[in-house]
Amino acid sequence: MDEKNEVWQGTLALMILRTLETMGPQHGYGLARRIEQTSGDKLQLNYGTVYPALLKLEQEGFIRSAWGASENNRKAKFYELTAAGKKRVRKAARAWEQTTEIVARFLASPEEA
């Protein structure tokens, strides 16, 4: 059985924003499942992780929510990016790209450096 990894601090917000950018409005459960799917099922998200992140992103003005019906016709809160959220996802993606490049330098074998 594959081991599930924890989500690193700060990465969940980027994953949420990026998922909303690519897929459009989603409800919380759908977002969590899509993030898990995109990770190749290497991540496992629960309500205690996803919903506080959604609340924080909404309070910061990066996403907005509205009630609607889910695929199985249940009441669900759907989230979508705001204009500020679109800017934020681009800025955060650039920052993570730079960070991973820096960390990769430390993880490279001495012959590669």
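How many residues apart in helix α1 are E21 and R18? They are three residues apart, so about one helical turn separates them. That pair is a stop on the tour below.

**Before selecting anything.** This is a predicted model, in which local features need pLDDT of at least 70, side-chain atom pairs count only at pLDDT 80 or more, and totals for chains, interfaces and linings use all residues. Residues are numbered from 1 along each chain as its sequence is written, and side-chain values use heavy atoms, with hydrogens and water left out.

**Whole chain.** Show the cartoon. The protein has four helices and three strands, in the order α-β-α-α-β-β-α from the N terminus. Helices (H or I, at least four residues) and strands (E, at least two) are DSSP runs, numbered from the N terminus. Of the 113 residues, 28% are buried. Buried means under 20% relative accessible area, exposed over 50%, and partly exposed in between (1.4 Å probe, protein chains only).

Select R18 and E21. Their side chains form a salt bridge at 2.5 Å, N to O. A salt bridge here is a side-chain nitrogen of Lys or Arg within 4 Å of a carboxyl oxygen of Asp or Glu; the count by this rule is four. R18 is partly exposed at 44%, and E21 is partly exposed at 33%.

**Helix α2, residues 28-38.** Select R33 and E36, whose salt bridge is 2.9 Å, N to O. Both lie in this helix, three residues apart. R33 is partly exposed at 27%, whereas E36 is buried at 11%.

**Strands β2 and β3.** Select R64 and E80, which meet in a salt bridge of 3.2 Å, N to O. This pair links distant parts of the chain: R64 is in β2 (residues 63-69) and E80 in β3 (residues 75-81), 16 residues apart. R64 is partly exposed at 42%, and E80 is partly exposed at 33%.

**Helix α4, residues 83-107.** Select K86, K87, R88, R90, K91 and R94, which gather in a positive surface patch. Patches are made of residues with over 30% relative accessible area and no salt bridge, joining like charges within 9 Å and nonpolar side chains (Val, Leu, Ile, Met, Phe, Trp, Tyr) within 5 Å. K91 lies in helix α4 and is exposed at 52%.

Last, select I102, V103, F106 and L107, which make a nonpolar surface patch of about 470 Å². Areas come from the Shrake-Rupley method with a 1.4 Å probe; for residues, only the protein chains shown count as cover. L107 is also in helix α4 and is exposed at 70%.

Definitions and conventions. Lys and Arg count as positive and Asp and Glu as negative; His and the chain ends are not counted. The place of a charge is taken as NZ of Lys, CZ of Arg, CG of Asp or CD of Glu.
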